[in-house]
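Visitor: Please take one part of this model and go through it closely, with the cut-offs behind each term.

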Amino acid sequence: SSSIGGWIQSAFLSGSLATQSYDHFGSSISVNSVGDRVIVGASADEAAGAGASSGLAYIFVSGASGWTQQSVLSGSLAVDASDGFGTEVAMNSTGDRVIVGAYQDESGSTTSTGVAYVFVSGATGWAQDPRIIGSLATQSGDNFGYSVAMNASGRDRKSTRLNSSHV
């Protein structure tokens, strides 16, 4: 919110699982075009049973009673320690599609190849679309998912790795 003379705080968002100082809640944030949906990355947070610092992403929606947490997202493969899920996030203009990078995820025994996940909001909540893997992101240190972007519809997504990009 803004007021004459500057900005005023209208809400305080915190993730239900982001309880440690090192969870990196807010490491990346994206807002839909209306400003009533937000995705917040917590790249060092972890869900129960996941590796330490595997990462999570939180979806918040604004309604008549203020901001509420709608969902907590984690990738199907981002369960190992230090995967970095949520280091980068992007949301489409309507707030029903998101992409989340996990640039330190590994492919088999190859470390930090990286991956990017797409989630879609539907009648039963948020569901993971098939993961995006760069065809060239097969070497240790490729870091695919280090940066992610999404167009207004969310149908075109981009994730990059060091020294190249993939659509």
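Guide: β3 and strand β4 (residues 37-42) pair in the antiparallel sense over five bridges; strands here are DSSP runs (E, at least two residues), numbered from the N terminus, and two strands pair if DSSP finds at least two bridges between them. The model is predicted, so local features need pLDDT of at least 70 and side-chain atom pairs pLDDT 80 or more, while totals for chains, interfaces and linings use all residues. Residues are numbered from 1 along each chain as its sequence is written, and side-chain values use heavy atoms, with hydrogens and water left out.

β3 and β4 form a hairpin with five residues between them, and Gly35 in that turn has a positive phi of about 90°. Ser28 lies in β3, which spans residues 25-31; its bridge partner in β4 is Gly41. Ser28 counts as buried because its relative accessibility is 8%, where buried means under 20% relative accessible area (1.4 Å probe, protein chains only), exposed over 50%, and partly exposed in between.

Leaving aside residues up to four places away in sequence, Ser28 touches Ile39, Val40 and Gly41, and also Gly86, Thr87, Glu88 and Val89; contact means heavy atoms within 4.5 Å. With Val89, a polar atom of the Ser28 side chain lies 3.1 Å from the backbone nitrogen.

As for the setting, the protein has zero helices and 13 strands. Of its 167 residues, 41% count as buried. Among contacts with a separation of 6 or more, 48% are between residues 24 or more positions apart.

Methods: Helices (H or I, at least four residues) and strands (E, at least two) are DSSP runs, numbered from the N terminus. A polar contact is a pair of N or O atoms within 3.5 Å; within protein, one must be able to donate a hydrogen and the other to accept it, and residues adjacent in sequence count only if both atoms are side-chain atoms.
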